[in-house]
Amino acid sequence: MTNSLFNRANKLLSILEQHGFKAYIVGGAVRDSLMGRPVGDIDIATSASPAEVQSIFEKVIPVGIEHGTVIVRFDGESFEVTTFRVDGDYTDFRHPDHVLFVADIKEDLARRDFTINAMAMDKDGLVIDPFMGHQDIQLKLLRTVGKPKLRFEEDPLRMMRAIRFVSQLGFEMEATTFQALVDDISWIEKIAIERVTTEIKKMFEGINLTNGIELLIRSKAINYIPVLKENHQLERLLINNPKPLHSFTEIIATLHLLDRSISVDHWVKHWKLSNEVKRNATTLVQSITYYMEKRLDQWLVYRLPENLVSSFIRVLTWMVTDIDKKAINDQVVCMRKQLPIANLKHLAITGNEIVALKASLEKGPWINTCIAEIEKQVVCGNLPNCKNALREWVEAWSPPEIN
Ligand code: ATP
Ligand code: MG
């Protein structure tokens, strides 16, 4: 898969070269391929201007022309193609105020954040590496291109990127880079929260999450990140056996479970996350809370959507030591297969039938109470899901208010 992605990217480079331009694979894809890590997407840098790229390829989406970036749809894949450039000032801490197109790839590489991200690879696999990024990969060292203090002040997001690379790649931070991070960490307060939390999400996915979290604490970055800064107890709790988490849903659920004084809503609001994250994180919290009290049963499995099972297990590893992830997953799969119903629609009785059976009662909230009780009894295997049995049960049932 990755190889074919590289083959396609190389074809794209050849086409640009045939038109007289220079073109390279750059950034994360070069780093990851040299490290033998899976490559997610491939970025390309070229001497061609966005207009020239548009004239060469059929499907070009102008996503950031002012910064020299277009997306080229090529051979069924999307490639971000950016004209060689250097950045102007960053007065809004988000984007450079202006960019300047340049002719030489080396100038373009010099604007990049870390040496390991500042390499380019041509279509024959030849690596251009003016800042010794390959050597830093071998030394497992994260080092800024140029003076760290300058580079961090220019764009404080690089500090959050540094923390997540430590977690993702398991690298050490080079001493002056670390010192500048500590000295200037308060600058991260100026970055848009969405950009900070994206890096935090990538940090939580890291295989060296413990190092990432320790760095977050040691550098005091934690003091400048919304919500994390509100509760210093988290500093202690965060080192509580961290295992990689794979989404905001999992992160928010975990952070809430570790410190219940901060609600899921509060995290979602201040980190500007979506309603879907809120919904799923709430479901996860309910499921984990239920598990801590009652362990795995049909009712838990029924209410835990299939697409949240792996999240449930990952969050559980933070709460319970020594759990057998595979055994729990197998158990959930097996119990789900044996559930008498998969959802309410499968109940052998409808709301209308219940109302008809209870003709003496005025319609009201009791209907939902009754359905909910039937649902639970059926799911837990206390009541067979057949019409006669359910009718009998309803006839004998009376609403709690009347009791
Ligand atoms: P990922 O694996 O998360 O995609 P990445 O290094 O590819 O990591 P991207 O955000 O995709 O990160 O950026 C692509 C490249 O652009 C980086 O490798 C780096 O060379 C450069 N870059 C990204 N963000 C910055 C920044 N804030 N300052 C300087 N260079 C940056
Ligand atoms: Mg990338």
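Helices here are DSSP runs of H or I with at least four residues, strands are runs of E with at least two, and both are numbered from the N terminus.

**Ground rules.** I am working with a predicted model, where local features need pLDDT of at least 70, side-chain atom pairs count only at pLDDT 80 or more, and totals for chains, interfaces and linings use all residues. Residues are numbered from 1 along each chain as its sequence is written, chains are lettered from A and ligands numbered from 1 in the order written, and side-chain values use heavy atoms, with hydrogens and water left out.

**Entry 1: the ligand shell.** I counted a residue as near if one of its heavy atoms lies within 4 Å of the molecule. Ligand 1 has 14 residues around it, and R31, N117, D155, R158 and R164 come nearest. I sorted the shell by class: 10 charged (Asp, Glu, Lys, Arg), 1 nonpolar (Ala, Val, Leu, Ile, Met, Phe, Trp, Tyr, Cys, Pro) and 3 polar (the others, Gly among them). Which helix gives the largest share of the shell? It is α7, with 4 residues. Both α2 (28-35) and α7 (157-169) supply at least two.

**Entry 2: polar contacts.** For ligand 1 I looked for pairs of N or O atoms within 3.5 Å. The side chain of R158 puts an N or O atom 2.7 Å from a nitrogen of ligand 1. Oxygen atoms of the ligand pair up with R164, at 2.9 Å from a side-chain N or O, and with a polar side-chain atom of R161, at 3.1 Å. On its own ligand 1 has 590 Å² of accessible area (Shrake-Rupley, 1.4 Å probe), and the protein covers 78% of that.

**Entry 3: domains.** I checked the domain assignment (bounds from an automatic or database source), which gives domain 1 (1-139) and domain 2 (344-396). Their centres, taken over C-alpha atoms, are 62 Å apart.

Entry 4: Most residues other than glycine have a negative phi. I noted K220, not a glycine, with a positive phi of about 70 degrees. Where does K220 sit? I found K220 in the loop between α10 (209-218) and α11 (233-238). K272 also has a positive phi, near 50 degrees, and lies in the loop between α13 (264-270) and α14 (275-294).

Definitions and conventions:
A polar contact is a pair of N or O atoms within 3.5 Å; within protein, one must be able to donate a hydrogen and the other to accept it, and residues adjacent in sequence count only if both atoms are side-chain atoms.
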